[in-house]
Amino acid sequence: MWRRPHLPGRARTTAPSGLPSDDVTVAPSPSPLRVRTRAVDDVGRLLDLLPDDRPLSWVRDGEGLVGWGEVARFTGTGAGRFAEADAWWRSFTARLDVRDDLQLPGTGAVAFASFTFADRSAGSVLVVPRVVVGRRDGHTWITEFAGDGVPAAMRRAMPVRAGGALHYDDGDMTVARYRRAVAEAVARMQAGELDKAALAHDLLAVADEPLDPRFLLAGLAHHYPTCWAYCVDGLVGATPELLLRREGDTVSSRVLAGTIWPGNGGDDIGAELMASGKDQREHAFAVDSLAATLRPHCATLDVPAEPSILALHNVSHLSSDVRGTLRDGSSLLTLAADVHPTAAVGGTPRTAALRVIAELERMDRGRYAGPVGWVDAAGDGELGIALRCAQLDGNTARLFAGCGIVADSDPDTEVREAAAKLVAVREALEGSVTG
């Protein structure tokens, strides 16, 4: 049975919000904390700056944020974890002495975020790095908490290490069990119990040497530049799906559901995907669930009438970009509490789908398919859905893949789709997409 790695060496303390002492970990620091953001010249590839010790990343097509060091950390469990994280973050940032020369989303104090898929799972986390380097719209900056004064971009990172030879073992949910779970879910849908459930399985990759998260991150970013390459607390991946972006009173999302891959169709797989009734229904469930949870927060909400095609290296998805104007000032984490999980990674109706997932998977997904990204002191930020990912622990990587199951899903086809989705992380671990 997989166990999430424990991170030692942090003194537990009570959160400013009054959360229980075992919900928050905070590294020792002066009070009040001083934070400075300043513009810098181009520093090259952001990922090349990262050290090997607990790197942090949210990068897409060369822009985004990377971070290292740790000033403070929140951890939480349960249905209230988003609200508790939001309260902790508001209280933490209220005590800061901030000088921000740029005043852009992602400047000033930033926390990298990664939340579990299920309420019952432990491991949801906000990590406040000591150093963040960011790039956006031609601007490059460094944010540093009070430190030793050595320019962050000038520090030499240790060379990236490959993990050596790999072998693969079954995870908690084998392929055979996954096929049976899909068949059972289909039977329940045909009986009218629910409309959709997103079922997942896992795979273990074991290397000869300890795995360097930067090696996996670089491979994914190289071959999937239009995805968000993320690394938070050992969870490394490249997601094509943006759960939420908040910038002031604007909120947006990229919904993906419905998948085809080379070898599963003819010459024009995009046209086949658009014509697939099964995939269109799966996509509609996901879009409708997102819109239903966002609409109460929005004065306006623009939902496309039909999806487009998002083509990636290994698969193509039906994609819809949703955009709204907030009317209630909700922060990114408050919105995430309502939106997660969408039908894209949970199902519909939500309660029935989550019950079926728990009964049929019988495994702890951890932070797979949970929100991952960053949030700043204004409550702005970006959260993707943690897909195409692996949880690293020493020499072992636990890979995940899942599929949206509806009443006319075929178990063998869903097994092949999950295998196609695993290709992204497998190739990057094996080093076959870097260069």
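**Strand 10 and its setting**

Tutor: Cys 403 has a relative accessible area of 2% and is therefore buried, a word that here means under 20% relative accessible area, with exposed meaning over 50% and partly exposed in between (1.4 Å probe, protein chains only). This is a predicted model, in which local features need pLDDT of at least 70, side-chain atom pairs count only at pLDDT 80 or more, and totals for chains, interfaces and linings use all residues. Residues are numbered from 1 along each chain as its sequence is written, and side-chain values use heavy atoms, with hydrogens and water left out. Cys 389 also counts as buried, because its relative accessibility is 0%. The whole structure holds 0 disulfides, a disulfide being a pair of cysteine sulfur atoms within 2.5 Å.

The part to examine is strand 10, residues 139–145, where 6 of the 7 residues are buried. Helices (H or I, at least four residues) and strands (E, at least two) are DSSP runs numbered from the N terminus, and two strands pair if DSSP finds at least two bridges between them. Strand 10 pairs with strand 9 (residues 131–136) in the antiparallel sense, over 6 bridges; within this pairing, Val 132 lies opposite Thr 143 of strand 10. The hairpin of these two strands has 2 residues between them, and Asp 137 there adopts a positive phi near 50°. Strand 2 (residues 34–39) is also antiparallel to strand 10 and is joined to it by 5 bridges, with Val 35 placed opposite Phe 145.

The loop between strand 2 and strand 3 contains Gly 44. Gly 44 counts as partly exposed because its relative accessibility is 29%. From Gly 44 to Gly 62 the C-alpha separation is 9.2 Å, across 18 residues in sequence.

Strand 3 (56–60) is among the elements that cover the buried residues of helix 3, as are strand 23 (389–393) and helix 8 (411–430). Those buried residues of helix 3 (residues 213–223) include Phe 215, Leu 216 and Leu 217.

A nonpolar core is a set of buried Ala, Val, Leu, Ile, Met, Phe, Trp, Tyr and Cys residues joined through side-chain atoms within 4.5 Å. The largest such core has 128 residues, of which Phe 92 and Leu 126 touch the most other members. Helix 8 supplies the largest share of this core, 8 residues. Beyond its neighbours within four places in sequence, Leu 126 is in contact (heavy atoms within 4.5 Å) with residues including Phe 74, Trp 88, Trp 89 and Leu 333.
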